[in-house]
Amino acid sequence: MNKKDIAQIRRRLNPESQNPVVICGCYVNGQKNVVSAFRRSLISLPQSESEKYMQIFRRSLSGDVGRNLVPLTFPTDEVMDGATHARLTRLNQTALDDDEALNAFFDAIIAGTRIEGNFLILVLHDTYDVPFKTSMDDEAAGAESETVFSYVLCAVCPVKQTKPCLSYSASENDFHALDPDWVVASPDMGFLFPAFDDRAANIYNALFYSKNAAEIHQEVIDAVFRVTPPLSAEEQKNAFGTALGDTLQQDCSYDVVQSVHEQLRQR
């Protein structure tokens with residue numbers, strides 16, 4: 001997926017348009033026990049609340065492609081008859097209405113995540129009627145769709161406890177002690193399945209999000225996808241530096257490195 005593909009999906013995550021129909025969640029404590037689980041319709045939520053959910057999901061499609069957002073590719077045999085791909089496909093095809101598949105999905109993330117303390121798993125389902133394209137850049141408003149893109153989007157967020165503090169009450173025009181509370185932080189990781197490539201579904205790929213570009217969340221990828229992820233941006237940088245140093249050895253002068261750097265920037 002490129003920036004334009006990602007931006008196209010992000011634009012749908014708007015509570016005013018009420019595009020995603022279903023949101024499911026699973027709240028887990030620090031001992032990896034499920035505290036609560038829920039299924040909600042977007043139209044049933046107050047707009048202020050639905051906007052908070054959409055902010056979280058938009059964050060799971062943010063950052064740089066190749067750094068925070070990396071493609072995960074399923075091998076052909078996994079797509080054909082693999083259990084993990086079948087589970088993700090089932091979630092998508094049933095619009096998250098298969099409790100067995102949904103609970104197995106939550107269990108896989110719980111088993112793989114290394115988030116310390118409480119965390120919240122959120123997943124939504126959406127069906128996008130991809131507009132007819134009239135030119136290289138324009139979409140015909142209201143035109144008949146070329147295709148329908150059905151997908152699930154997941155975000156895994158730490159839930160952190162606030163500190164006690166003084167808070168101002170506008171109604172009383174006074175300050176009062178505010179007790180500690182639990183708040184949902186920005187997602188540490190998430191993913192889109194299937195990928196949205198060239199305005200259509202690519203069932204061989206998922207797009208994985210990591211807040212920290214240096215952390216690839218291998219355990220979650222193993223549990224949910226069972227594919228080999230690419231090296232993280234930091235690992236790629238270190239591997240390239242090591243390979244360059246081994247290749248140049250004694251010729252690794254400032255002028256040589258500067259020349260390599262300039263050629264990389266041009267490319």
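1. Let's start with R199, which lies in the loop between β10 (195–197) and β11 (200–202). Strands here are DSSP E runs of at least two residues and helices are H or I runs of at least four, numbered from the N terminus. With a relative accessible area of 12%, R199 counts as buried (under 20% relative accessible area, 1.4 Å probe, protein chains only). Its side chain gets to 2.3 Å from the backbone oxygen of P131.

2. A word on provenance: this is a predicted model, where local features need pLDDT of at least 70 and side-chain atom pairs count only at pLDDT 80 or more, while totals for chains, interfaces and linings use all residues. Numbering runs from 1 along each chain as its sequence is written, and side-chain values use heavy atoms, with hydrogens and water left out.

3. Strands β6 (residues 165–169) and β7 (residues 174–178) run antiparallel, joined by 5 bridges; pairing takes at least two DSSP bridges between two strands. L166 sits opposite A177 in β7. Between the strands there are 4 residues, and N173 adopts a positive phi near 50°.

4. Now the whole chain. You'll find 8 helices and 12 strands, and 42% of the 267 residues are buried. Of the contacts (heavy atoms within 4.5 Å) with a separation of 6 or more, 65% come from residues 24 or more positions apart.

5. Last, the surface: the chain exposes about 15100 Å², with carbon and sulfur atoms supplying 49% of that. Accessible areas are Shrake-Rupley values with a 1.4 Å probe; for residues, only the protein chains shown count as cover.

How values were computed: Buried means under 20% relative accessible area, exposed over 50%, partly exposed in between (1.4 Å probe, protein chains only). A polar contact is a pair of N or O atoms within 3.5 Å; within protein, one must be able to donate a hydrogen and the other to accept it, and residues adjacent in sequence count only if both atoms are side-chain atoms.
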